[in-house]
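These are my notebook entries on a structure that I had not examined before. I record here what I looked up and in which order.

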Amino acid sequence: MNIDSINNGFVIDHIEAGRGMKLYELLGLDKLDCSVAIIKNVHSNKMGKKDIIKIDADIPVNLDVIGYVDPSATVNIIKDGALVEKKSISMPEYLKNVIKCRNPRCITAVEQELDQVFKLTDREKKIYRCIYCESEA
Amino acid sequence: MRSIIDIVDLSPEEIDQMIETACDIINNPQKYSEKCKGQKLATLFFEPSTRTRLSFEAAMYELGGNVIGFSEASSSSAAKGESVADTAKVISCYADIIAMRHPKEGAAYVAAKNASIPVINAGDGGHCHPTQTLADLLTIYREKGRLSDMTIGFCGDLKFGRTVHSLINAMSRYKGIKLVLISPEELIVPSYVKEDIIKKNNMEFFETGDLESVIGQLDILYMTRVQRERFFSEEEYLRLKDSYILTPEKLKSAKDDLSILHPLPRVNEISVAVDDDPRACYFKQVFNGKIMRMALILKLLGR
């Protein structure tokens, strides 16, 4: 399968296979009108299979979202067709207005102007909890 | 501004200090009768809870302070759609400290973030109720003279009972605590409590469905209500409900110095005949709750 290389934008590589779509949704890539490629189950010597997302636009990227979905992913910034920067990814301590609390008894379920904030409470198990009701994300 | 949302917002050292203050209040009530003179407590009860509200109000009056507030959402601006954040900002202009009960989990946290005065969580849905745990801790301390080295049995609804989770969390910070978790299969302690609190703190624990077989090991028995609506089937409820009712017969094999606690209200899970047993401490717990609320108000107001 051939996907054109991009000129200005970024490539999210080494995404754990199967997590690419979640990242696509949480980054709001469906709202972009530039070229966006999501490639699933690409062969990888290191990972076996991986997902890749390519965005052909020089827009800000929310690294916290990537760190939340898959902290082992890599982000390569492309300018004029060349790799200019590799961004390091880590799990963010807090995640703001990315995901919503699913607990119907949470205060955020009735007061919708409140920011949806989750805190990393267990780095090893990758557990985020709502800062209001402490429900797991 | 210091607020108390969860029992773990207080360090074990602070709880020890509050217990010391509480014991002094009990022995020298006169010394504290004007400590909060000129101060106002706002009791913001977005859902009715007469017992907790009256406990806070009695606590403030016994400290010489005054009380303003409301006892249900329909008589507050919440009925007009005001947010918790705005209510907290407005009440900060009227009072010196807030005690808030709200049906939604996390509401007290929102209030604390927006108030310019201390906020005490008087219960936020099924989430936290730290002053109940303070009442439990003072009761255990007064009955046993310590908060460490004991076997505590929790009996009944261990799945939904926030007072159980909160007390387990508080006790996880003391050494030598062994937990005996007594409940039907449907109402066992949730996995996050087991993993994040019990196992993480290396607490010794044992799970069983049979109260009678373990009652003889216990120093504290913390009873909770097994509610009909928690069961999947009526048959199962009828089969199990009596197993979790404490009667004088079941107490025959218990230790002489067992202390029986219950957050109340009780329905039928402790037979009324148990009330006359010197081991019954649940009404003492109510008194201790008021005293610990006094100690907490004093602490947060810096009095």
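Entry 1: I began with B:Pro265, which lies in the loop between strand S9 (259–261) and H10 of chain B; helices (H or I, at least four residues) and strands (E, at least two) are DSSP runs, numbered from the N terminus. A cis peptide bond joins B:Leu264 to B:Pro265, with omega at about 5 degrees. I noted for context that most peptide bonds are trans and that most residues other than glycine have a negative phi.

I must record that this is a predicted model, in which local features need pLDDT of at least 70 and side-chain atom pairs count only at pLDDT 80 or more, while totals for chains, interfaces and linings use all residues. Residues are numbered from 1 along each chain as its sequence is written, chains are lettered from A and ligands numbered from 1 in the order in which they are written, and side-chain values use heavy atoms, with hydrogens and water left out.

I then looked up residues with a positive phi. A:Asp80 is not a glycine, yet its phi is positive, about 50 degrees. I located A:Asp80 in the loop between strand S4 (74–79) and strand S5 (82–87) of chain A. Its relative accessibility is 68%, so A:Asp80 counts as exposed (buried means under 20% relative accessible area, exposed over 50%, partly exposed in between; 1.4 Å probe, protein chains only). B:Asn202, also not a glycine, has a positive phi of about 50 degrees. I found B:Asn202 in the loop between helix H7 (191–199) and strand S7 (204–208) of chain B, and B:Asn202 is exposed at 69% relative accessible area.

**Entry 2: the two domains of chain B.** I took the bounds from an automatic or database domain assignment. For chain B it gives domain 1 (7–129 + 289–301) and domain 2 (131–285). The centres of these two domains, taken over C-alpha atoms, are 26 Å apart. I recorded 28 residues of domain 1 in contact with 19 residues of domain 2, where contact means heavy atoms within 4.5 Å.

How much area do domain 1 and domain 2 of chain B bury between them? I noted about 2,000 Å², with 64% of it on carbon and sulfur atoms; buried area is the accessible area (1.4 Å probe) that two parts lose on being put together, summed over both. In domain 1 of chain B, the residues that lose the most area to domain 2 are B:Ile7, B:Ile19 and B:His129, together 31% of what that side buries.

I found seven residue pairs in polar contact across this interface, both residues being at pLDDT 80 or more. A polar contact is a pair of N or O atoms within 3.5 Å; within protein, one must be able to donate a hydrogen and the other to accept it, and residues adjacent in sequence count only if both atoms are side-chain atoms. H1(B) gives the largest share of the domain 1 side, eight residues. The count of salt bridges between the two domains is zero.

**Entry 3: chain A against chain B.** Here 16 residues of chain A are in contact with 18 residues of chain B. The buried area is about 1,200 Å², of which carbon and sulfur atoms give 48%. On the chain A side, A:Arg105, A:Ile107 and A:Tyr132 lose the most area to chain B, together 34% of what that side buries. I counted two salt bridges between the chains, a salt bridge being a side-chain nitrogen of Lys or Arg within 4 Å of a carboxyl oxygen of Asp or Glu. One of them joins A:Arg105 and B:Glu105 (3.1 Å, N to O).

**Entry 4: salt bridges within the chains.** Over all chains the count is 23 salt bridges. A:Arg123 forms one with A:Glu93, the closest N and O atoms being 2.7 Å apart. Both A:Arg123, at 44% relative accessible area, and A:Glu93, at 40%, are partly exposed.

B:Lys299 is partly exposed at 27%, whereas B:Glu14 is buried at 15%. I also noted that B:Arg2, B:Glu14 and B:Lys299 are linked in a network of salt bridges.
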